[in-house]
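Hi there,

Here is the structure I promised to pass on. My notes follow below it, and I hope they are a handy start.

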Amino acid sequence: MTKLILTLLIATLTPISSFAWKAMSTSFYPIHNVYISDEHGDEASALEQAMARCKALAVNGGSCKPLARPFSAEVAVVMHGEAGLSVGYGRDSQRAMNAALGECSRLSKSCIPLTADASKEVRYAAIAFSPTAGYFAHTGASSQEDANKKVLSFCVGRTQGQCKLSNLKNMAALGTYAVAVTADGKHEYIVRNGNSEIAQNDAIRKCELELKQACAASEKFRPVFNGWNDPFTKAQWADIDAIRDAGTRNWEALLEKFKQANQSRVGSPAQSEQGTREASKPDMGPCMVTRVYRGHEADEIRSPGCF
């Protein structure tokens with residue numbers, strides 16, 4: 001019976017994904033720009049942050065669109081061509097660059113890197129409790145099942161007594177786990193948050209709020225940190241940084257080219273005369289039609305100047 005309960009607990013605690021996700025969004029006015037999320041435990045959260053960053057920072061937040069698919073434990077490279085943006089993925093920057101260039105070159109004659117990024121692999125934590133010896137923790141496991149098995153084995157081996165898993169919703173999340181207990185020691189509260197000091201203070205605060213009693217840091221459990229594993233070497237990160245740097249220079253050059261083109265149009269007599277006749281119409285910039293590609297399909301995006 002005990003084995004059945006533990007098996008059910010392990011199944012319940014095991015997330016569907018073992019990767020940290022990043023997502024990208026893009027704005028197209030006045031020129032293309034790319035916004036990338038932090039790492040998240042699921043695709044939806046990553047995409048939500050990428051879109052929020054675009055809407056907060058873009059010149060026209062209404063032009064923000066998701067860019068390609070979220071990525072995990074791999075490199076993503078974004079290329080810019082006259083037909084729009086293309087994205088390539090790979091286990092290293094060179095493969096990702098080749099994939100993005102191949103996609104871009106199908107429809108554009110001029111393709112330049114715009115940005116690159118990579119994400120990490122999730123590492124799982126597990127916490128078990130023994131009524132005779134307190135809490136035990138295992139962090140940095142490659143799966144939730146592995147973390148659960150190791151912490152239970154350690155707990156049982158040390159206490160020769162009953163051990164149970166402490167069920168937190170997401171044991172793959174990056175952060176520090178801390179435990180607070182009531183003064184009588186009969187109740188406890190576990191949280192995950194920031195660094196050890198923040199996590200411990202948060203555990204005490206939530207313990208008192210939830211249990212309506214005075215709480216203190218557990219003497220049997222020091223805060224433990226669970227981090228995510230970096231699948232890329234320093235050399236690979238240097239390659240990614242080099243693509244980012246080149247992308248920044250390329251983006252600045254595109255923006256300068258856009259400004260010069262606008263200045264030359266505004267300075268011409270014909271343009272000035274037309275501007276006088278249409279003074280009542282707000283200047284929404286030039287009409288720019290671009291495409292954002294997802295494989296062989298594309299979303300056509302029109303700038304405000306087209307309407």
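Helices (H or I, at least four residues) and strands (E, at least two) are DSSP runs, numbered from the N terminus. Lys22 sits in strand E1, which covers residues 21-27. Please keep in mind that this is a predicted model: local features need pLDDT of at least 70, side-chain atom pairs count only at pLDDT 80 or more, and totals for chains, interfaces and linings use all residues. Residues are numbered from 1 along each chain as its sequence is written, and side-chain values use heavy atoms, with hydrogens and water left out.

First, the chain as a whole. There are 7 helices and 15 strands. Of the 307 residues, 42% are buried (under 20% relative accessible area, with exposed meaning over 50% and partly exposed in between; 1.4 Å probe, protein chains only). Taking contacts (heavy atoms within 4.5 Å) with a separation of 6 or more, 59% join residues 24 or more positions apart.

Back to Lys22. Is this lysine buried or exposed? Lys22 is buried, as its relative accessible area is 10%. A polar atom of the Lys22 side chain lies 3.1 Å from the backbone oxygen of Ala118. Beyond its neighbours within four places in sequence, Lys22 touches residues including Ile36, Asp38, Glu39, Phe71, Asp117 and Ala118.

Next, the nonpolar cores (sets of buried Ala, Val, Leu, Ile, Met, Phe, Trp, Tyr and Cys residues joined through side-chain atoms within 4.5 Å). The largest has 15 residues, and Val122, Tyr124, Ala128, Ala147, Val151, Leu152 and Cys155 have the most contacts inside it. Strand E7 (124-130), strand E8 (134-141) and helix H4 (144-159) each supply at least two residues of this core, with the largest share, 4 residues, coming from H4. Another core, of 14 residues, lies apart from it and has Met79, Ala96, Trp237 and Ile243 among its members.

Finally, helix H4. The buried residues of H4 are Gln144, Ala147, Asn148, Val151, Leu152, Cys155 and Thr159. Seen down the axis, these buried residues fall within an arc of 120° (from the directions from the helix axis to the C-beta atoms), so they line one face of H4. Just after H4, Gln160 has a positive phi of about 55°.

Best wishes

How values were computed. Polar contact = N/O pair within 3.5 Å; in protein donor to acceptor, adjacent residues only side chain to side chain.
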